[in-house]
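Please keep the sequence and the model in view while reading.

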Amino acid sequence: MRVFWGRVALRGLLCGSWAPGPSPLRHSSGGPSWTQERTLVAVKPDGVRRRLVGDVIRRFERRGFKLVGMKMLQAPESILAEHYHDLRRKPFYPALVSYMSSGPVVAMVWEGHNVVHASRAMIGDTDAAEAAPGTIRGDFGVHISRNVIHASDSVEGAQREIGLWFRSSELVDWPDRGPHSSVSPA
């Protein structure tokens, strides 16, 4: 029975029907509501070249997350230098910045309950060879340096990265009345 529940939990985490963590409900004057987070997700140049943007969007939409910002751009070195500030002393930093500026990037902001943690689980391990099947990197990544996608690693990091890649006027706050908007936890 334990193996069954472990598989159910893993499937739910990857497919969107369950996520670990604190209770998703928050009480307000209007009754219970879902707490929302936002995260930055970027399809890297190798993912764009391989035409995987639609696959990435489809996975996030099926998970029930709401797209509130998206743009394709040739990332300027100034944004990349700030984005990868913590890695600037690593030996691979120059190659990383060169690679990330080698082609277009599709930057997106996704919103939803526990979206930061859930998106990290959806994309998988940084090293594509270690990423689990069913994750974006496990299914599409070819090498640690060509791993298709970036997602913020914390709520604070997401706020910083969103502010770096998007102006507030580029984010759209729209009412979600889609098929996943009224889903409640089991």
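Two strands pair if DSSP finds at least two bridges between them. Strands (E, at least two residues) are DSSP runs, numbered from the N terminus. This is a predicted model: local features need pLDDT of at least 70, side-chain atom pairs count only at pLDDT 80 or more, and totals for chains, interfaces and linings use all residues. Residues are numbered from 1 along each chain as its sequence is written, and side-chain values use heavy atoms, with hydrogens and water left out.

**Strand pairing**

Start with Val-43. It stands opposite Val-106 in strand 5. Val-43 also stands opposite Ile-149 in strand 6. Arg-38 has Glu-111 of strand 5 as its bridge partner. Gln-74 stands opposite Pro-104, again in strand 5.

| Strand pair | Sense | Bridges |
|---|---|---|
| Strand 3 and strand 5 (residues 104–112) | antiparallel | seven bridges |
| Strand 3 and strand 6 (residues 149–151) | antiparallel | three bridges |
| Strand 4 (residues 66–74) and strand 5 | antiparallel | eight bridges |

**Burial**

Buried means under 20% relative accessible area, exposed over 50%, partly exposed in between (1.4 Å probe, protein chains only). Strand 3 (residues 37–43) is largely enclosed by the rest of the structure, because five of its seven residues are buried. Strand 5 is mostly covered, with eight of its nine residues buried.

**His-150**

Which residue does UniProt list for "active site"? The unreviewed entry lists His-150; such annotations may be inferred rather than shown by experiment. His-150 lies in strand 6. It counts as buried because its relative accessibility is 13%. Contact means heavy atoms within 4.5 Å. Not counting residues up to four places away in sequence, His-150 touches Leu-40, Val-41, Ala-42, Lys-44, His-83, Arg-137 and Glu-161.

Note on methods:
Helix = DSSP H or I, 4+ residues; strand = E, 2+ residues; numbered from the N terminus.
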